[in-house]
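The points below are meant for a colleague opening this entry for the first time, and they can be followed with the sequence and the coordinates side by side.

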Amino acid sequence: MAAHRKPRQRSLRGPTARTAATVALAGAATAATTATGLDGTAHADPQLSLSEVKAEVDKLYEEAEVATEKYNGAEEKAGAAERRLNDLRDEAARRADRYNAAREALGALAAAQYRSGGAAPAMQLALSDDPERYLEGAAFAERAGDRQASAVGRARTQLRELERLRGAARVELTTLKSRQTELNRHKNTITGKLGEARRLLSRLTAEQRARLAADEGGSGGEGGERSSRTDAGRPGAGPPASGSGPAAGPAAGSPTGSAAGQPSSQAPGSRAAAAIAYARQALGSPYVWGATGPDSFDCSGLVQAAYRAAGVSLPRTTYAQIDAGHRVARSELAPGDLVFFYSGISHVGIYIGNGQMIHAPNPSAPVRVAPIDEMPFAGAARVA
């Protein structure tokens, strides 16, 4: 019997699992400041000051980023489970072919015995009138019995292995479904937090939004107000040669020595320089949760893509990235080091020297340069 391989299941991951949730401050529409209750009566929302709105939105973005990193981790595990499931299904199909071949071999032996009257070969030869043929046939009968026993053993082995693979595939399928449920839970958390931030921002007047956008851009340092990529090209085109050009060094016009109270801005190594070059090319790219480039990024996605372009493989999430290299103190930071923020290690950037980093902040701002002291510093790691 021929075994038919079970067709591969369609991937449970993909672009649809990565819904873009980009919020543009300058483009947010002004909404009414009243909400209607279930009884149709209009209720006034409490008026918040610009600083209160900013604080609340920052908190929502931080909570969304925590959920984003959990989503990224669950997606990575779901992908691994799906690959294992497909491998198990492929191996099970191959084992099924071998099992069916063993069954056919047994069937052929059984058919041969049936045609010979069902008597054992040794009995038939014992009744033979030719003693010489009897002696030759006895050895043949022994070999035939050995072949039959071996065929039965092979069939049993293939069947046991086939059942083991099918059981393992069922376990992986259960794991994959669990990961998908986890993905949906984190996705709902992210979209809920971003939706609430969008609602708060929509309540601001045009003047307030302009002031908030100016404050956000003004804190970005060199390149903080850049809204498009540099002329170096798209990140997908690859970084310039390591250590070449200004992209690999300190910011143009920046001092080469240490800023007061800031880590040293020593020249980065070749891989760190290549990662920084990639990140500089990505300046102005939009923040999209779950994205790893080349056109959009979340914070850990930018770090992973930059170092991948430099020939260094990093984990997907901030929680894993901080353990990918060796820890360094803030006072010992060098360009190319990964800098992490918040107590939950939920945000990451690439240090470029002089107290500055390149990072993908949140849906309200594109990839940009910013000071590392604009968020609570949690640690740093050197991966190159």
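This is a predicted model: local features need pLDDT of at least 70, side-chain atom pairs count only at pLDDT 80 or more; totals for chains, interfaces and linings use all residues.

1. On confidence, the pLDDT of the chain averages 73, and 63% of the residues reach a score of at least 70. Residues 1-45 have a pLDDT below 50, although this stretch still has 78 contacts in the model beyond near neighbours in sequence. A further stretch, residues 219-261, also stays under 50, and for these residues the model has 83 contacts beyond four places in sequence. I would ask the reader to keep both stretches in mind when looking at the totals for the chain, which use all residues.

2. Taken as a whole, the chain has seven helices and eight strands. Of its 384 residues, 42% are buried, and its accessible surface comes to about 19600 Å², with 53% of that area belonging to carbon and sulfur atoms. When contacts between residues at least 6 apart in sequence are considered, 73% of them join residues that are at least 24 apart.

3. How many aromatic pairs does a search of the whole structure find? The search finds three, and one of them is formed by Tyr71 and Trp289, whose ring centres are 4.8 Å apart and whose planes stand at 90°, so that the pair counts as edge-to-face. Tyr71 belongs to helix α1 (residues 50-115), while Trp289 is in the loop between α5 (270-281) and α6 (299-309), and the pair therefore ties together parts that are 218 residues apart in sequence. Tyr71 is buried, at 1% relative accessibility, and Trp289 is likewise buried, with a relative accessible area of 1%.

4. Another of the pairs joins Tyr278 and Phe297, with ring centres 6.3 Å apart and planes at 85°, which makes this pair edge-to-face. Here Tyr278 lies in helix α5 and Phe297 in the loop between α5 and α6, so the parts tied together are 19 residues apart in sequence. Tyr278 is buried at a relative accessible area of 6%, and Phe297 counts as buried at 0%.

5. Is helix α6 enclosed by the rest of the structure or open to the outside? Nine of its 11 residues are buried, so α6 is largely enclosed by the rest of the structure. The buried residues of α6 are Cys299, Ser300, Gly301, Leu302, Val303, Gln304, Ala305, Ala306 and Tyr307. After α6 comes Gly311, which has a positive phi, near 85°.

6. Strand β8 deserves attention for its pairings. With strand β3 (residues 326-327), strand β8 (residues 377-382) pairs in the antiparallel sense over two bridges, and within this pairing His326 stands opposite Arg382. Strand β4 (residues 338-341) is also joined to β8, by four bridges and again in an antiparallel arrangement; Val339 has Ala380 of β8 as its bridge partner. Phe377, a residue of β8, has the charged end of Arg330 over its ring, 5.1 Å from the ring centre.

7. Tyr342 is buried, with a relative accessible area of 16%, and Ile345 counts as buried at 17% relative accessibility; the cut-off for buried is under 20% relative accessible area.

Terms used. Residues are numbered from 1 along each chain as its sequence is written. Side-chain values use heavy atoms; hydrogens and water are left out. Rings of Phe, Tyr and Trp (its six-membered ring) pair if their centres lie within 6.5 Å; planes under 30 degrees apart count as stacked, over 60 as edge-to-face and the rest as tilted. Buried means under 20% relative accessible area, exposed over 50%, partly exposed in between (1.4 Å probe, protein chains only). A charge sits over a ring if NZ of Lys or CZ of Arg is within 6 Å of the ring centre and within 35 degrees of the ring normal. Two strands pair if DSSP finds at least two bridges between them. Contact means heavy atoms within 4.5 Å. Accessible areas come from the Shrake-Rupley method with a 1.4 Å probe; for residues, only the protein chains shown count as cover. pLDDT is the predictor's confidence in each residue, from 0 to 100.
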